[in-house]
Amino acid sequence: MKKPPRSKPLLRDTEAPIRSRPRSKRNPAQPQLLFDPMPERVEPALAELKSRPPKGSEWSWELKWDGYRLAVHIEPQGIRILTRGGHDWTHRFPAIEQAARALGPATMIIDGEAVVLDEEGRPDFGLLQQSLGASGKQAGNRASNAVLYAFDLVYLDGHNLRGVEYRSRRHLLEDTLNNQKDDKVGAVRLSETLDGEPAVLLQHICRLGLEGIVGYERSAASPAGFGSLVLAAYRGADLVHVGSVGTGFREAEIIRLRKMLDTLRWKRKQPPLPYSGSADIVWVEPTLIAEIEFRAWSSDGKLRRPSYKGLRERQDNADVFRLD
């Protein structure tokens, strides 16, 4: 009986031993993080405009703060306060920076809104603009009286929480802010959830004003449409720029408006009203009237969070809004 052949060794003498791949080096700026490195910047999730609140018990309600959207990065090397566009405004919110520093040594990214409160405790965007300085010599001003109302926690101690269910993130945010070293009400506060029927919570929202459409911005995403409509109102006998509206349009309405605007192209060299913006504007004859819903007026005379509702006819007694 023949002996069975000897099995070959798994590794020959000339072959190198099997080794696992070397682990990547840990970021020296983040020695405590074992899992997800802290992102340099998080793109903020923007609110979507709806005509009415959704129904169902799975929804939570909070006050819509009227201020500047900020992301506060608490890192081993310090605090960074970034605007919605990614600009570093840490130096412009010293009170928020100091309060955020007291939340350490945990590493985290807090999403919230910076506001300035009036004497009755209501957010006032005009006061915030005055604190920061709108332009010119005031452009470097600091909003020392601004507070941050936090409504989300997107990163905590090596964990990217953007894929975590919202209520779990909310509990983590509440625990984080409740553990502040200072028991006093500071410059970083929790945006409280509101109990009640949505219709009751929204009863104070008002629809304001009618504005004249005098132009539209070209849209790179949709050449057949437009990016936004430029708005104007009357001050005396003159039209003045009051902002732009880029929300509230349905696709069919965008196509219809674009056809109408193309027939009203402004043929003169000077625009129909003074305009100091840098957008690529296609000016048209100021003959159309639109209904615009908005929250308030900014200190520089522009509409805050405008939304397009539709065109109006003079036969319906519609007229252009008069500032005076």
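Of the 324 residues of the protein, 38% count as buried, where buried means under 20% relative accessible area, exposed means over 50%, and partly exposed lies in between, with a 1.4 Å probe and protein chains only. This is a predicted model, in which local features need pLDDT of at least 70 and side-chain atom pairs count only at pLDDT 80 or more, while totals for chains, interfaces and linings use all residues. Residues are numbered from 1 along each chain as its sequence is written, and side-chain values use heavy atoms, with hydrogens and water left out.

The protein exposes about 21300 Å², of which carbon and sulfur atoms supply 50%; accessible areas come from the Shrake-Rupley method with a 1.4 Å probe, and for residues only the protein chains shown count as cover. Among contacts with a separation of 6 or more, 62% are between residues 24 or more positions apart, a contact being heavy atoms within 4.5 Å.

The secondary structure comes to five helices and 13 strands. Helices (H or I, at least four residues) and strands (E, at least two) are DSSP runs, numbered from the N terminus. Some of these elements are listed below.

| Element | Residues |
|---|---|
| Strand S3 | residues 108-115 |
| Strand S4 | residues 147-156 |
| Strand S5 | residues 159-160 |
| Helix H3 | residues 166-178 |
| Strand S6 | residues 188-190 |
| Strand S8 | residues 228-235 |
| Strand S9 | residues 238-245 |

Helix H3 has 13 residues and reaches 18 Å from its first C-alpha to its last, close to the 18 Å expected; the expected span is 1.5 Å times one less than the number of residues. Arg169, Arg170, Leu173, Thr176 and Leu177 of H3 are buried. They cover an arc of only 125° around the axis, which puts them on the same side of H3; the arc is that of the directions from the helix axis to the C-beta atoms. His171 and Asn178 are exposed on the other side of H3. The buried residues of H3 pack against strands S3, S4 and S6.

The loop between S4 and S5 holds Asp157. Asp157 has a positive phi of about 45° although it is not a glycine, and it is partly exposed, with a relative accessible area of 41%.

Six of the eight residues of S8 are buried, so this strand is largely enclosed by the rest of the structure. S8 and S9 run antiparallel and are joined by seven bridges; two strands pair if DSSP finds at least two bridges between them. Ala232 has His241 in S9 as its bridge partner. The two strands form a hairpin with two residues between them, and Gly236 in the turn has a positive phi of about 70°.
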